[in-house]
Amino acid sequence: MAKLNRSPWLLHYDGSSCNGCDIEVLACLTPVYDVERFGVVNTGNPLHADILLITGGINSQNQAVVQQIYSQMPNPKVVVAVGACACTGGIFKECYNIHGGVDTTIPVDIYVPGCAARPESIIDGVVKAVGVFQEKYEKYVSENKERKRSS
Amino acid sequence: MAKQTVVPFGPQHPVLPEPIHLDLVLEDETVVEAVPSIGYVHRGLEKLVEKKDFNEMVYVAERICGICSFMHGMGYCEAVEHIMHVDVPARAKYLRTLWCEMSRLHSHLLWLGLLADAFGFESLFMQSWRMREKILDMFEASTGGRVIFSVNRIGGVLKDIPPEMLRDFLKRFDDMGADLRRLTRTFLDDYSVNERLRDVGFLTKEQALSLGAVGPMLRASGVCYDVRKTGYAAYGDLEVEPVVSTIGDSYARCQVRIGELFQSLDLIRQVGEKMPTGPIAVPVKGNPEGEFFMRCEQPRGEAVYYVRANGTKNLDRMRVRTPTFANIPAMLQTLKGSQLADVPLLILTIDPCISCTER
Ligand code: SF4
């Protein structure tokens with residue numbers, strides 16, 4: 001597990017999931033699984049979030065919403081696709097209204113498999129995301145320093 | 001007249017686990033009208049019948065919604081079984097009933113938790129979900145899945161519950177009764193919960209009937225109607241008495257759902273006593289031909305499955321009318337005249353399930 005220097009906050013958005021993965025994400029927050037022990041807090045505000053957790057695929061209606069949420073999040077940001085639907089479209093891939101996985105719309109860093117994804121694997125995904133976040137953050141800071149120095 | 005403002009609510013909103021969008025027309029703090037717009041979770045899975053055969057559709061039906069997943073699968077299976085004149089073995093029917101009631105338990109506990117979260121009672125939310133995990137454990141032990149089980153098939157069920165496991169389950173459910181009573185006492189008697197729920201979001205009996213409300217929403221307004229009375233699965237052999245309240249406000253809806261928790265425990269006990277032995281599935285040959293309407297009572301109310309088959313392995317049409325869809329007009333009615341601060345709570349009192357509404 002990556003060494004954590006800060007507590008990344010998490011935003012959950014339900015794309016077009018069947019609720020299966022959705023509910024499992026919520027279950028991660030409750031006493032039995034409790035992701036808060038990793039310093040991860042669930043927030044409802046994209047401006048407060050570092051990690052975006054998306055369940056379900058992208059359809060014509062929610063595409064703009066997902067894009068907007070992603071652009072509202074401050075840099076650096078990490079996206080986790082939870083469940084088969086969010087990874088590829090899953091069982092609904094052939095539906096007329098499904099464009100496919102989340103990566104058809106925004107860049108995805110971590111893919112969590114499963115239909116429904118189990119809370120253990122969701123937590124695993126979140127912990128990995130925290131690692132990715134740390135890396136992105138360090139890169140972001142050093143780039144910024146460089147930019148300041150050259151200007 | 002005060003000036004009117006329109007406040008957009010959703011689709012991404014802290015209190016909603018699922019996306020729904022409402023335009024709230026406000027006069028000061030009072031909602032005069034709520035205009036819903038939906039479609040954020042629409043997948044178009046009914047049309048998948050053209051690509052997947054009628055056996056594969058069982059798994060698609062289960063994924064209409066991950067909360068009532070078992071009931072969706074069962075409703076679809078019973079509809080197809082009816083067309084094909086399949087005689088489902090008694091044990092399969094009882095197992096289905098058991099899993100149905102377990103689904104109702106976990107769904108109502110989930111709702112209680114979300115409700116507590118909506119009015120800011122965080123520890124009550126955690127406690128409800130802690131209880132819910134116990135039921136998920138039993139689901140996992142008996143089916144292998146926590147939320148999506150895939151144990152239904154046309155002609156019966158795929159997994160059996162051995163007698164020792166069933167005995168163990170019944171004992172766990174017995175123990176759960178006391179815990180549930182302690183938990184629900186807070187919902188029913190606590191001062192702050194009462195303050196939030198009482199006299200909020202009235203729906204009269206006439207309104208409930210004319211707007212076509214279903215499930216706890218309907219029963220909380222004093223209408224005694226429960227589709228389990230029609231006796232699908234093994235409900236015909238069991239005693240089901242609908243839980244009804246006549247008050248019609250948010251408190252009544254909470255009361256009805258809590259009553260149903262104990263009703264489910266009672267039904268599970270009855271299932272345990274009467275569980276027959278024998279096979280759990282029969283082989284099914286050929287393709288379905290004909291059409292059928294199947295109704296079943298989900299935690300959120302009456303769901304309708306319409307299936308039309310043409311003798312090939314792909315169905316002509318599958319249509320699902322889900323309970324939340326039927327409850328949206330009633331929800332809009334309760335929102336009219338409410339305070340802005342109560343809106344999240346009122347949306348939650350219908351126990352919205354958007355993914356099944358939009359499919
Ligand atoms: S991956 Fe499976 S459980 Fe998760 S949202 Fe998709 S269909 Fe539902």
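Contact here means heavy atoms within 4.5 Å. By that rule, 40 residues of chain B are in contact with 38 residues of chain A. The model is predicted.

**Interface of chain B and chain A**

- About 3200 Å² is buried between chain B and chain A, and carbon and sulfur atoms give 63% of that area.
- The rule finds 3 salt bridges across this interface.
- Lys52(B) forms a salt bridge with Glu94(A); their closest N and O atoms are 3.2 Å apart.
- On the side of chain B that touches chain A, helix 1 (57–62), helix 3 (90–118) and helix 4 (122–143) each supply at least two residues.
- Helix 4 of chain B gives the largest share of that side, with 7 residues.
- That side of chain B has 22 nonpolar, 7 polar and 11 charged residues.

**Helix 5 and helix 9 of chain B**

- Helix 5 (residues 163–189) and helix 9 (residues 250–274) of chain B pack at an angle of about 170°, and their axes are 11 Å apart.
- Angles over 145 degrees count as roughly antiparallel, so helix 5 of chain B is roughly antiparallel to helix 9 of chain B.
- From helix 5 of chain B, the contact residues include Leu170(B), Phe173(B), Gly177(B) and Arg181(B).
- From helix 9 of chain B, they include Tyr251(B), Cys254(B), Ile258(B), Phe262(B) and Gly272(B).
- The residues of this helix contact divide into 12 nonpolar, 4 polar and 1 charged.

Notes:
Residues are numbered from 1 along each chain as its sequence is written. Chains are lettered from A and ligands numbered from 1 in the order in which they are written. This is a predicted model: local features need pLDDT of at least 70, side-chain atom pairs count only at pLDDT 80 or more; totals for chains, interfaces and linings use all residues. Side-chain values use heavy atoms; hydrogens and water are left out. Axes are lines fitted to C-alpha atoms, for helices over the stretch in contact, and angles run from 0 to 180 degrees between N-to-C directions. Helices (H or I, at least four residues) and strands (E, at least two) are DSSP runs, numbered from the N terminus. Angles under 35 degrees count as roughly parallel, over 145 as roughly antiparallel, 65 to 115 as roughly perpendicular and the rest as oblique. Ala, Val, Leu, Ile, Met, Phe, Trp, Tyr, Cys and Pro count as nonpolar, Asp, Glu, Lys and Arg as charged, and the others, Gly among them, as polar. Buried area is the accessible area (1.4 Å probe) that two parts lose on being put together, summed over both. A salt bridge is a side-chain nitrogen of Lys or Arg within 4 Å of a carboxyl oxygen of Asp or Glu.
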